[in-house]
Amino acid sequence: MPGNGKLTVTGSSSTEAKEDIKNTYNYIRANERAILSQQHSLMHLDVTVQVTVLLGVGVHKGIGGAVFAAIVSSVFGRNLKSGLGVIGNISIGGAIERALNFNDRVSMLSENGAKNVLVPMDNLAEMATLPATILGKTDIPFYANTQMLIQKMI
């Protein structure tokens with residue numbers, strides 16, 4: 001919403017989750033010219049991130065990729081792909097971090113309706129551990145950087 005560049009995080013008491021959200025937000029702010037167009041700037045927007053526990057699973061760490069997708073799509077006013085899940089984290093320097101508990105996260109997302117789950121390239125070797133039923137109903141594209149993530153999320 002219009003504002004002065006303030007970030008508010010609610011719904012989570014996890015210090016790790018809040019830090020991941022702040023790091024992702026700060027990465028976008030520091031790289032606005034490369035990520036956002038000149039008409040869009042976080043300096044003139046207040047961003048609120050509401051972390052919600054779904055299916056009894058709390059969010060503790062590794063949500064930077066999903067937060068990045070949400071912020072960028074919101075700033076541009078573009079919808080994400082239907083049935084999209086994003087796992088992995090983005091460091092404050094923009095490095096894409098491997099998703100922890102890869103198999104469990106992809107399986108949970110797939111079993112709850114995700115048709116596409118975007119996954120960090122560093123998890124590629126773990127594809128062999130996914131059950132065939134998951135691979136049959138969910139596409140799992142990989143991303144190595146934030147530009148690839150933007151291309152695959154919209």
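**Notebook: a pocket, a sheet and a threonine**

I looked up the second largest pocket and found a volume of about 230 Å³. A pocket here is an open set of points on a 1 Å grid over the protein atoms alone, where a 1.4 Å probe fits, with protein on both sides within 12 Å along at least five of seven lines; lining residues have an atom within 4 Å of a point. The volume is the space filled by probe spheres set on the points, which are joined across faces, edges and corners.

I noted that this is a predicted model, where local features need pLDDT of at least 70 and side-chain atom pairs pLDDT 80 or more, while totals for chains, interfaces and linings use all residues. Residues are numbered from 1 along each chain, and side-chain values use heavy atoms, without hydrogens and water.

Next, the lining. Among its residues are Met1, Asp46, Val67 and Ser74. α3 (64-76) and β2 (47-50) each supply at least two residues. α3 gives the most, with five. Helices (H or I, at least four residues) and strands (E, at least two) are DSSP runs, numbered from the N terminus.

Then I turned to the sheet. Three strands form an open, parallel sheet in the order β3-β6-β7. β3 (84-86) and β7 (142-143) are at the edges with a single partner strand each, so one side of each has no neighbour in the sheet. Strands pair if DSSP finds at least two bridges between them; three join β3 to β6 (residues 116-120).

Last, I checked threonine 24, in helix α1 (residues 15-30). Threonine 24 is buried, at a relative accessible area of 0%. Buried means under 20% (1.4 Å probe, protein chains only). Beyond its neighbours within four places in sequence, threonine 24 is in contact with Gly64, Val67, Phe68 and Ile90 (heavy atoms within 4.5 Å).

Conventions. Buried means under 20% relative accessible area, exposed over 50%, partly exposed in between (1.4 Å probe, protein chains only).
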